[in-house]
Amino acid sequence: MAPQRPPGLSVDKAGLGLKFLGTSVLAGLLVAGMALPAVGALGLTAKDTAESFDNIPDDFKTPPLSQASYIYDAKGGVIAKVFDRDRTVLTKDQMAPIMRQAQVDIEDNRFFEHGAIDLKGILRAASKNAESGSAAQGASTLTQQYVKNVNVEKAGDDQDAFLEATKKSMGRKIQELKYAIKLEEDLSKDQILTNYLNITFYGHQAYGVEAAAGRYFSKSAKDLTIPEAAMLAGLVQNPTAYDPILHPQAAQTRRNTVINKLLEYKHITPQQAKDALAAPLGIKYKEPLNGCITAQSGMGFFCDYVRHVVKLDPVFGKTQADRQKLWSQGGLKIYTTLDPEKQAAAYKAVTTKVNPTDDVSAAMTMVKPGTGEILAMAQTRPYGLDDKQHQTVVNLNVDAAMGGGNGFSPGSTFKPILAAAALESGIPITQQYPSEFKIPYPTMSTCEGSWKADGSTVENENSSEVGPFGMKEAMARSVNTYFVELGQEVGLCPMKQMINKLGIKTLASGKTLPQVPSSILGSVEVSPMRMAAVYAAFAARGLYCDPIAISSVVGADGKKMAVPQANCNQAMAGSTADGVNTLLKTVTEKGTAANIKINDGREFAGKTGTTDNRYAAWFNGYTPDLATAVWLGGPGGNVSMRNITIGGEYFSSVYGSDGPGPIWQMAMNDAVVGTPKSTFQLVSIPDPGTPPGGATGPGADPGTPAPPPGDGTAATGGTGTTGLIDGGFTLPPGVIGGGAGGATGGKPGKHH
């Protein structure tokens with residue numbers, strides 16, 4: 001390539017008009033050279049123009065350019081590219097020199113010789129316009145065009161501001177001229193050209209030369225060839241008319257014009273020009289994919305959650321407008337906590353066990369105990385807006401404010417929270433209660449007073465399930481009446497306080513948590529992510545951490561930004577958590593989750609749960625290093641999972657252990673591969689012996705196994721005898737005490 005032409009004489013530089021000609025003469029030349037036939041009709045004179053020029057402030061500020069942001073997983077892989085405007089800002093050295101030269105030669109070939117004003121260009125335009133009697137030519141320099149683009153960028157989505165920035169008026173031309181002079185005093189020509197190539201629109205949502213190179217040629221701007229650079233440079237004048245996708249012949253003709261300009265100004269050789277003119281357009285178009293919908297392996301929902309965090313968390317800006325501006329301007333590199341291997345395991349499990357076309361869906365969140373890091377977030381139906389493809393943008397793993405729904409009743413998976421509150425209040429882990437088959441809900445104390453008994457009752461799964469029971473067997477069997485009696489002694493206020501300590505401050509909908517007895521049995525609606533964080537606190541010996549999705553953010557300026565913190569705090573004593581872990585390990589060994597296994601035999605604990613009418617089923621399980629909550633049910637919360645086919649398998653009635661349990665098992669078996677086998681710190685729970693009624697406790701002589709337990713759920717039609725079904729569950733006569741719709745008016749609803 002021929003060397004760049006040398007700078008011109010000083011009389012032809014940026015401030016020429018002000019320093020040598022005077023503003024009146026300068027403005028007169030501007031009027032003469034403008035492509036505005038109506039100037040004379042408006043009665044504008046050089047004097048008017050000069051006065052307007054002098055009144056314009058010269059503190060022109062260029063805003064940070066809106067550009068694309070990138071969201072990365074924990075190992076540096078790109079989850080998604082998100083943008084309001086697809087742009088990646090480059091330095092001079094990151095652009096092919098031929099691209100820079102082509103843009104100059106076709107738009108302002110004397111750019112490196114003149115100042116902010118091209119007097120020769122103005123006189124040439126004035127002469128041509130006078131000859132033709134029309135506004136055939138303008139005389140804007142590349143610097144003036146850059147000023148116009150900056151004003152368009154500032155306008156953003158404000159239509160009025162955009163029209164003001166682009167209208168043909170004397171006032172705008174004068175303003176652009178004043179700002180152009182200022183810019184050429186402050187910036188070098190190379191800097192102005194670099195800025196121009198970064199801000200310019202090239203069509204098809206491509207802002208700046210890097211996005212344009214990627215859009216049309218699937219490459220970076222530093223790798224552009226002569227014909228490719230020429231095509232892009234030619235687009236700027238009219239991206240619609242010269243669109244190479246819609247109008248390839250017009251695009252090629254325009255490209256050839258640019259190539260000939262490069263040859264005319266001796267920036268390429270005749271042979272290079274010949275080869276470039278003979279080359280095809282060579283388009284390798286990449287659709288402008290934007291946002292979380294482009295994420296793979298089901299990461300779209302996690303990506304959407306990250307977007308909500310940036311737009312809602314005050315750490316990213318004091319006001320909503322500040323945070324929206326940060327997101328819109330982009331240029332962020334957002335590094336997240338998502339583990340790609342664990343995400344793949346979660347996604348495989350929820351999509352293998354449940355089909356997108358099923359009436360129900362599954363959602364799963366994995367959280368790392370002791371850190372709050374969200375390692376995986378997946379659900380059955382794909383992220384998107386096409387209902388015909390069974391897509392959804394509702395993230396069933398999270399609360400409504402973060403892009404989710406209104407949550408789901410967790411059923412008996414809430415019972416361990418009451419157990420933690422009880423142990424914290426000094427109630428021994430061996431505590432026994434009569435736990436009769438059916439009892440009335442008793443009056444219970446609340447933080448404000450008391451909930452008065454109203455005659456409603458609660459039942460166990462079947463009439464043979466009669467105590468007294470200790471806490472260990474009651475948890476393993478998920479005995480409803482035991483936990484209601486425990487709740488009466490503990491009180492609803494300590495229960496609510498423990499729920500709050502474990503990160504659940506409101507219902508998933510944002511409404512206030514009710515203090516009603518049915519909440520003990522899981523009538524309140526919560527999200528899988530919140531439940532995963534609760535069980536992660538048990539795994540971390542009582543250390544609760546807020547779930548976090550973002551590990552670090554690098555701003556458009558290259559500097560690290562503050563990010564939300566996990567705010568870890570001790571929600572309960574370590575010994576309390578050890579007790580809960582021991583109880584829940586019994587659940588997985590001899591209780592309602594005894595059929596769920598991890599292939600390598602490592603320790604894990606967990607709890608099943610199923611709600612009224614089988615509207616939701618859960619299994620929340622964990623090792624000391626990984627907590628995973630799995631929900632299964634209708635996305636709207638109103639699909640009864642009885643006589644239903646899920647993932648090609650027929651279920652007469654779904655339970656926590658045979659619906660979500662196998663989903664959890666599949667995911668965890670893949671997720672824990674190659675990780676250390678940590679162990680819990682367990683406590684000793686003396687076996688109270690065989691209770692009345694003939695039931696044998698989980699801790700009793702292993703030669704006398706306990707009857708197969710349920711998970712605190714119920715079905716109508718019980719006979720009062722133990723009837724085994726679906727791998728060892730009982731069909732009970734029905735349980736009252738809180739349902740999928742939550743308790744209203746302070747009264748417990750029906751609960752299974």
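Is C568 buried, partly exposed or exposed? C568 is partly exposed, since its relative accessible area comes to 36%. For the scale, buried is under 20% relative accessible area, exposed is over 50%, and partly exposed is in between (1.4 Å probe, protein chains only).

Some notes from going through the rest.

1. Ground rules. This is a predicted model, where local features need pLDDT of at least 70 and side-chain atom pairs count only at pLDDT 80 or more, while totals for chains, interfaces and linings use all residues. Residues are numbered from 1 along each chain as its sequence is written, and side-chain values use heavy atoms, with hydrogens and water left out.

2. Disulfides overall. There are three disulfides in the structure, a disulfide being a pair of cysteine sulfur atoms within 2.5 Å. Counting bonded cysteines along the chain, the pattern reads 1-2, 3-4, 5-6.

3. C545 to C568. The sulfurs of this disulfide sit 2.1 Å apart, and the link is right-handed, with 115° about the S-S bond. C545 is in the loop between strand 12 (543–544) and strand 13 (550–554), and C568 is in the loop between strand 14 (560–561) and strand 15 (569–570), so the pair ties together parts that are 23 residues apart in sequence. Helices (H or I, at least four residues) and strands (E, at least two) are DSSP runs, numbered from the N terminus.

4. C447 to C493. Here the S to S distance is 2.0 Å. The torsion about the S-S bond is about 100°, so this disulfide is right-handed. C447 belongs to the loop between strand 8 (444–445) and strand 9 (450–451), C493 to helix 21 (residues 492–501), so the pair ties together parts that are 46 residues apart in sequence. C447 is partly exposed at 36% relative accessible area, whereas C493 counts as buried at 14%.

5. C292 to C303. These two form a disulfide with sulfur atoms 2.1 Å apart, and at -75° about the S-S bond the link is left-handed. C292 lies in the loop between helix 14 (270–278) and helix 15 (300–312), with C303 in helix 15, so the pair ties together parts that are eleven residues apart in sequence. Both C292 and C303 are buried.

6. Cores. The largest nonpolar core runs to 102 residues, and M366, L486, L502 and F538 have the most contacts inside it. Helix 22 (residues 528–539) gives the largest share of this core, nine residues. Apart from it lies another core, of 55 residues, including L197, V258, I268 and A273. A core here is a set of buried Ala, Val, Leu, Ile, Met, Phe, Trp, Tyr and Cys residues joined through side-chain atoms within 4.5 Å.

7. Helix 20 and L486. Nine of the eleven residues of helix 20 (residues 480–490) are buried, so this helix is largely enclosed by the rest of the structure. Among the buried ones are Y482, F483, E485 and L486. Leaving out residues up to four places away in sequence, L486 touches L418, A422, I427, Y433 and M471, where contact means heavy atoms within 4.5 Å. Just after helix 20, G491 takes a positive phi of about 100°.

8. One for the loop. V393 is found in the loop between strand 5 (374–379) and helix 18 (415–424). V393 is partly exposed, with 32% relative accessible area.
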